[in-house]
Amino acid sequence: MEKTAPKENLIDAVTRSLSRDSREREARARRCELRARFDTLTERELEVLAHVVRGQLNKQIAGDLGIHVRTVKLHRTAITTKLKVQSVAELTRLTQEAGIFPLPTRTFPKGQ
């Protein structure tokens with residue numbers, strides 16, 4: 001910025017910078033808080049979580065992981081409790097927001 005810039009331009013630039021910094025700090029704090037929640041999950045709960053956010057049913061998850069369906073239900077309960085969510089949709093959104101699992105890539109037939 002030029003030294004001869006009007007005072008109003010300087011004040012506007014400083015105000016915009018402070019606002020941007022505030023938003024970025026809030027976003028970093030949110031990501032940190034989410035990471036702390038996800039850090040409370042066990043390795044097995046993270047495995048179950050990966051299957052849940054892919055939309056698999058308890059029976060499918062149990063088959064893939066070689067565990068009983070009841071065990072999957074217990075892990076899902078622990079996951080929702082630790083992450084403080086009520087639904088699979090909320091769980092999926094939170095997982096995406098935290099960047100825990102990469103978003104699935106869509107594959108479309110060529111030519112479309």
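This is a predicted model: local features need pLDDT of at least 70, side-chain atom pairs count only at pLDDT 80 or more; totals for chains, interfaces and linings use all residues.
## Helix α3

Helix α3 spans residues 58–65, and its buried residues include Asn58, Ile61, Ala62 and Leu65. These four share one side of α3, because the arc they cover around the axis is only 100 degrees. An α-helix has 3.6 residues a turn, so residues three or four places apart point the same way.

The buried residues of α3 pack against α2 (43–53) and α4. On the face turned away from the buried side, α3 carries the exposed residues Lys59 and Gly63. Just after α3 comes glycine 66, with a positive phi of about 70 degrees.

## Threonine 81 in helix α4

Helix α4 covers residues 69–83 and contains threonine 81. Threonine 81 counts as exposed because its relative accessibility is 55%, where the cut-off for exposed is over 50%.

The side chain of threonine 81 has a polar atom 2.8 Å from the backbone oxygen of threonine 77.

## Threonine 95 in helix α5

Threonine 95 belongs to helix α5, which runs over residues 88–98. Its relative accessible area is 2%, so threonine 95 is buried; the cut-off for buried is under 20%.

With neighbours within four places in sequence left aside, threonine 95 is in contact with Phe38, Leu49, Val53, Ile100 and Phe101.

Notes. Residues are numbered from 1 along each chain as its sequence is written. Side-chain values use heavy atoms; hydrogens and water are left out. Helices (H or I, at least four residues) and strands (E, at least two) are DSSP runs, numbered from the N terminus. Buried means under 20% relative accessible area, exposed over 50%, partly exposed in between (1.4 Å probe, protein chains only). A polar contact is a pair of N or O atoms within 3.5 Å; within protein, one must be able to donate a hydrogen and the other to accept it, and residues adjacent in sequence count only if both atoms are side-chain atoms. Contact means heavy atoms within 4.5 Å. The arc is that of the directions from the helix axis to the C-beta atoms.
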